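Subject: Structure handover

Hello,

Here is the structure we talked about, with notes on what was found in it. Please open it and follow along as you read.

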Protein chains: 2
Amino acid sequence: MVRPDPYAIGLDRNPVNFVPLTPLSFLARTAEVYPERAAVIYGDRRYTWSHMLGRCRRLASALNAAGIGVGDTVAVMAANTPEMLEAHFGVPMSGAVLNALNVRLDARAIAFMLAHAEAKVLITDTEYSATVGQALALLDTRPLVIDIDDALGPGGERLGRIDYEAFLAGGDPDWDGRQPQDEWQAIALNYTSGTTGNPKGVVYHHRGAYLVALSNMIDWNMPRHSVYLWTLPLFHCNGWGFPWTLAANAGTSVCLRRVDPQRVLAAMREHRVTHYCGAPVVHAMLAYAPEEWKRGIEHRVHGLIGGAPPPVPVIEALQRMGFDITQIYGLTEVFGPAAVCAEQPEWQSLDAAALAERKGRQGVRYTAQEGMAVLDPATLQPVPRDGRTVGEIMFRCNMTMKGYLKNPQATAEAFAGGWFHSGDLAVVQPDGYVQIRDRSKDVIISGGENINSVEVEEVLYQHPAVRAAAVVACPDPKWGETPCAFVEVVEGAAVTEAELIGHCRARLAHFKAPKKIVIGALPKTATGKIQKFLLRERARAMAAEGDRRAGL
Amino acid sequence: MVRPDPYAIGLDRNPVNFVPLTPLSFLARTAEVYPERAAVIYGDRRYTWSHMLGRCRRLASALNAAGIGVGDTVAVMAANTPEMLEAHFGVPMSGAVLNALNVRLDARAIAFMLAHAEAKVLITDTEYSATVGQALALLDTRPLVIDIDDALGPGGERLGRIDYEAFLAGGDPDWDGRQPQDEWQAIALNYTSGTTGNPKGVVYHHRGAYLVALSNMIDWNMPRHSVYLWTLPLFHCNGWGFPWTLAANAGTSVCLRRVDPQRVLAAMREHRVTHYCGAPVVHAMLAYAPEEWKRGIEHRVHGLIGGAPPPVPVIEALQRMGFDITQIYGLTEVFGPAAVCAEQPEWQSLDAAALAERKGRQGVRYTAQEGMAVLDPATLQPVPRDGRTVGEIMFRCNMTMKGYLKNPQATAEAFAGGWFHSGDLAVVQPDGYVQIRDRSKDVIISGGENINSVEVEEVLYQHPAVRAAAVVACPDPKWGETPCAFVEVVEGAAVTEAELIGHCRARLAHFKAPKKIVIGALPKTATGKIQKFLLRERARAMAAEGDRRAGL
C-alpha cells in the first residue's frame, strides 16, 4: 500500500506563495526602498531610482499603447546611455523581448537580425543612422523607429517619426507594468556573432536573468550601493546581466558612450567608481595608460575581466595600480558570466606574478550556474584534474538559454547529451579550476603535435613590446599547419619579427614557436575580442601567396 | 489572425537549462570550490566544507538505507551542534523533510508534533532524553530513534538503538544524494508555538529556502567567508535560513550549545566572529554584559536582531560597543526573516539615539520576498504612509510557506484575500518603513481608546532599571481594559512599582500609563520571545482576585 505523501496534499502553489522570478522586481524594490539614490549618472543627466522606475514604466506603457506585448521583439541600437539601461526594464515590463544590437555590425547583419527577430520596434541612436538606414532599406516590413538623439553623441539623421523622449512623454510613469506570467518567459534575445553562417538568436528567460543578477553580486562579493562604470557594452549579453544586478544592488550606473582610457580613469576618479567590467583590451588600456591619467584614484576599484582569456601581465599591471581583478568566463548562451576565478583566501600570500597567474584561469562555476564541467566531447566523461588532459567546457542548468530562436536544429546540437557545449577546450587544474587551452577551432596541429595557441600567445605577451597577440594556424605543405602570430606592439616600441620569434623559441618547444609573425593592428569585435577568423583568413592568404611564389 | 509567439516554440525547459532551485546546491558548490575552508567549529571539532559534504551524504544515504525518502519526516531535537547543521542538508538530500523541534517544549507538545508529522526518524540529543522519553511513550508508532551523545553536553540516557556517529559510519560519503524533482518539494516543517490550540506545521519549499539563503546575504550585505556564531536556535525557522546561507557564503559556523553571554563574547574574540543573530534578549545580554567580558573584541561584529521588536536602548548600547546592528522582521510562515530595516546611507550622520530609533523599525521587504504591505484587514487596501494609521502586515510570494500541514482550513484563513496575514499590527512611516505597533491580540482598548502596548513598553525600557518589559490588557470593570505591565529589572536595581508608574505618566498620555506594574522574571519562549499570553492570563487572574476582594 502506498501511503499518500502528506506534503503533496493541499499545499499547492498559489499567488500568496509563488510569483515568477524576474529581475523586474529588483527595480520595483529598489525604487521603493532607495527612491532618492542615484541610479544613473550620464554627463549632466542624473536619475534617481525613483526616476528610473518612472521612465521605465513610461517606456513600457508607451510600448503597450503602440500595440507591443508578449511575443514581440523590441530591438535597440544604442551606446551605453541611460536609454539602453531603461530598455532592460521597460521592454520586458511591456511583456516584450529586448534585442540589444551590436552597434559595430554592418547593415546586412542588422537587417538580418531585425527580420529574423520580427522586431516590431527599433530604438536607435542617431550615431548609427547611416548603418541603420541601410538596414531598414533592406527590410520588407519596417518596424516602428524611435530615435535616441543624445546631446552627448556625434549627432546624425533621425530615421523615425518620434524621438525617445517624446515617446516616453506619452507613457504613464505610474503604469504598473506586466509581470511575466511564467518565469520561463523570454526577456532578451542576443545574437551571437558566429564565425560562419547566419547569427544565432540566443533567447534568455526571466528566471535566468534573476539568477545571474544575484550571482553577479555574490560571486563578485559586491557590496550594496556599488558605483559601476559602463565600460562593457550593454549589448554584450545584456551587459553580463549587470543592469539587473545594479537594480538588486541599489547601485549607481555611470554611463559612457565609448571607452577612452583617459575618460574612463577620469570618471573613476570623479564618481569614485568601485566596479567595472570589460574585455581584456579594456583593462589593458587602463593598465598601460599614462601615469598622470591615473593620479588621484585612491579608492579600491574592482574589475571583472572576461570575454577572452586575459593575458597574465595585464592582470599583474592592474594589481600594481591597486585594482582588484577577477576573471569571469562564459558565453552568450549561458547569460554571459557563468564561471568565475573565485579567489582563495590563501592566494593573498602569493607574490604578484603568482597571484596574477592564478587569477588568469577561468575558474569554477557561478553560484547559480548549477553545472560546469570539462568533458571528453565523445564520451561526456569528465577529464582528470591533471592540468594536461584537454576536454570541452560544458554547462547546464538555470543560467542556460532557452535555446536559439527559430533554430531547433542548432538548439538540439548545442544541448546534445544533456549539456550545453561551449566549444572551448580546457584542462582542469588539480585544485578544480578550469583553464582554457583553446577554442576548438584554434588548435594548431603541426607535424602531428597539438599546439595550444593560448600558450604561444602567453609567451608573446611576456615580451615588453607586445600589447596584444593572436596565434592562428597557417597551412603548411610540410607540417600541415604551423603557428602564425599577429602582434600589436605598444606605442613607440621598436621590435622586429626575428626578435619576437627568438623570444618564443627561447621559451617554447621549437615546434610551438611561430614561423611567421605579422606586426600591426589586430581586428577586434565590438566587445574587444580579437577576430581570429579574419586572422586565419589572412594566414591562409599569406600561405597561398608563398606557395604561388615557390611555384607549388 | 493570431500570430504564434516565436519565443514559445521549441524553447522549452529541459535538463540543460532548468534544474529545481534548492539550497543543497550551495553545499555542493562550496565543497567543490572551497573544500579546505572551515565549515563548522565546535569545541575541538573542526569540519571543512569537504568533511561537511561527506557527513551530510553519509546521513542522507544512511537515511535512505533505512527506508526514508520523499514524503517522510525526520525530526531532530538538538542543540546548536554540528549534527543539527548537517540535518539541514542530509535530511533533504535523502528526499525527506526536516522537522527541527523546539527543545524547550514539553513531552505532550513533542508527542503531538511527532505524531502529526508522522516522523519516521527522530534524531535526539541525550540532554533532552527525559522529555523525549516521555513523548515517545505517548506515541502509537515509535520512530527510528538516533541519539546524539555529545561529549560537550550534560549527558543523558540513550533512547535509541544507534547513536548518530555510528549511523553516519554506515552511510556513504560519496553518495550523490537526491536532488528534489521539483523546487516546490517540501524541505522543512516548523511548528508554530501558537497561543491557542494545537501547533500548526508550517511547510517550507526548496525554492523558498534557496531564495531566503541568498536574500540573507544580500539584505545583510554579508561578505563571503563570514564567521557566524550560532546564538540563534537552529530550530527557529531553520535558524532563519542561515545554515543554507552559510553554505552559499562559504562561511564558517561556530556552534554553541547554549547562549551564555560570557561564552558568546569569548567565542567572538577567539574565532573573530563577524556575524550573529538572535532575539532581543540575546543582544541585551551582550549589551549589558560586564565590560571585562567584552575586552579584546576589536573587529567589526554584525548582529541581526529579530523575533520581537527590539528595545531602542539595546540597539544603542550595542552600537556603543562598536557592533553594527540590523533589525529583521518576519515569522515562521515567511521563512523567518522577510523584512529588514535596510539602512539608508544618510543615517550614518545621525546621532546614536536617532540612529537606534531608525533601526528600531521593522523596515522593508527582503529582496526575495516580493510583496509586503500594511493593509486594512477589512478592505485589503494599503494604509497611508502617515506613521499613525494602523493596519496588518501582510506578505506574498516566493518566501511564503506552502501552507500548514494537514490543515487546509488554517491555510485558507492565513492566505485569505491573496495575502499571508501576519497578525501583526503596524504603521507605515512616511519613508515607507513599517513599524510594528502591536500584535493584533495585544491591542489594549481602554475607555474606547486604543493603546499600543509597544509604545508603553518603549517608555518603560527608557527607565535605567528596566531590563525587559511587557504590557498586556487587564480586564477592568470601569474602563474595559487597562494596561498592566510586567517588568524585569537589571540586577541590583532597586525600583518600586510607584516609581515606574510615575515614570510612565510623566511620558505618556495618562490613560496609557499602566495601572499596575508587576516586578519579576518574565516567562519567555525558547527563542527569547516574551510569552504575553501567559502574562495576559496572570493579568486576568489578578483582576478576578481584585474583583472578588472588592465584592463585585
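**A helix across a sheet in chain B**

Helix H4 (residues 107-116) of chain B lies across strands S3 (73-77), S4, S5 (119-125), S8 and S9 (200-205) of chain B, and runs at about 145 degrees to S5(B). Before going on, note that this is a predicted model, in which local features need pLDDT of at least 70 and side-chain atom pairs count only at pLDDT 80 or more, while totals for chains, interfaces and linings use all residues. Residues are numbered from 1 along each chain as its sequence is written, and chains are lettered from A and ligands numbered from 1 in the order in which they are written.

Some terms are needed here. Helices (H or I, at least four residues) and strands (E, at least two) are DSSP runs, numbered from the N terminus. Axes are lines fitted to C-alpha atoms, for helices over the stretch in contact, and angles run from 0 to 180 degrees between N-to-C directions. Two residues are in contact if their C-beta atoms, placed from the backbone, lie within 7 Å.

The sheet in chain B is open and has 8 strands, in the order S7-S6-S5-S3-S4-S8-S9-S19, with mixed pairing. Two strands pair if DSSP finds at least two bridges between them. Strand S7 (162-163) and strand S19 (403-404) of chain B stand at the edges with a single partner strand each, so one side of each has no neighbour in the sheet. Strand S4 (residues 97-100) of chain B runs parallel to strand S8 (residues 186-192) of chain B, and 2 bridges join them. B:Asn99 stands opposite B:Leu189 in S8(B).

**Helix pairs in chain B**

H4(B) also meets helix H5 (residues 129-137) of chain B: their axes come within 8 Å and cross at roughly 55 degrees. H4(B) and H5(B) are therefore oblique to each other (angles under 35 degrees count as roughly parallel, over 145 as roughly antiparallel, 65 to 115 as roughly perpendicular and the rest as oblique). The crossing of H4(B) and H5(B) is right-handed; a crossing is left-handed if the near helix is turned anticlockwise from the far one by less than a right angle, and right-handed if clockwise. On the H4(B) side, B:Ala107, B:Ile110, B:Ala111 and B:Leu114 meet B:Thr131, B:Val132, B:Gln134 and B:Ala135 in H5(B). This contact of H4(B) with H5(B) has 6 nonpolar, 2 polar and no charged residues. Here Ala, Val, Leu, Ile, Met, Phe, Trp, Tyr, Cys and Pro count as nonpolar, Asp, Glu, Lys and Arg as charged, and the others, Gly among them, as polar.

At what angle do helix H7 (residues 206-219) and helix H9 (residues 242-249) of chain B cross? Their axes come within 8 Å and cross at roughly 65 degrees, which makes H7(B) roughly perpendicular to H9(B). The crossing of H7(B) and H9(B) is right-handed. H7(B) contributes B:Ala209, B:Ala213, B:Leu214, B:Asn216 and B:Met217 to the contact, and H9(B) contributes B:Phe242, B:Trp244, B:Thr245, B:Ala248 and B:Asn249. By class, the contact of H7(B) with H9(B) has 7 nonpolar, 3 polar and no charged residues.

**Strands in chain A**

Strand S24 (residues 466-476) and strand S25 (residues 480-489) of chain A pair in the antiparallel sense over 10 bridges. A hairpin of 3 residues joins S24(A) to S25(A), and the bridge partner of A:Ala468 in S25(A) is A:Glu488. S25(A) also runs parallel to strand S26 (residues 516-519) of chain A, with 4 bridges joining them. A:Phe486 stands opposite A:Val518 in S26(A). From S25(A) the chain crosses through helix H17 (residues 497-505) of chain A to S26(A), and this β-α-β crossover is right-handed (with the strands pointing away from the viewer, the path from the first strand over the helix to the second runs clockwise).

**Between the chains**

The contact takes 53 residues from chain A and 53 residues from chain B. On the side of chain A that touches chain B, H1 (24-33), H7 (206-219), S16 (364-365) and H15 (408-414) of chain A each supply at least two residues. H1(A) gives the most to this side, with 4 residues. The residues of the side of chain A that touches chain B divide into 28 nonpolar, 14 polar and 11 charged.

Regards
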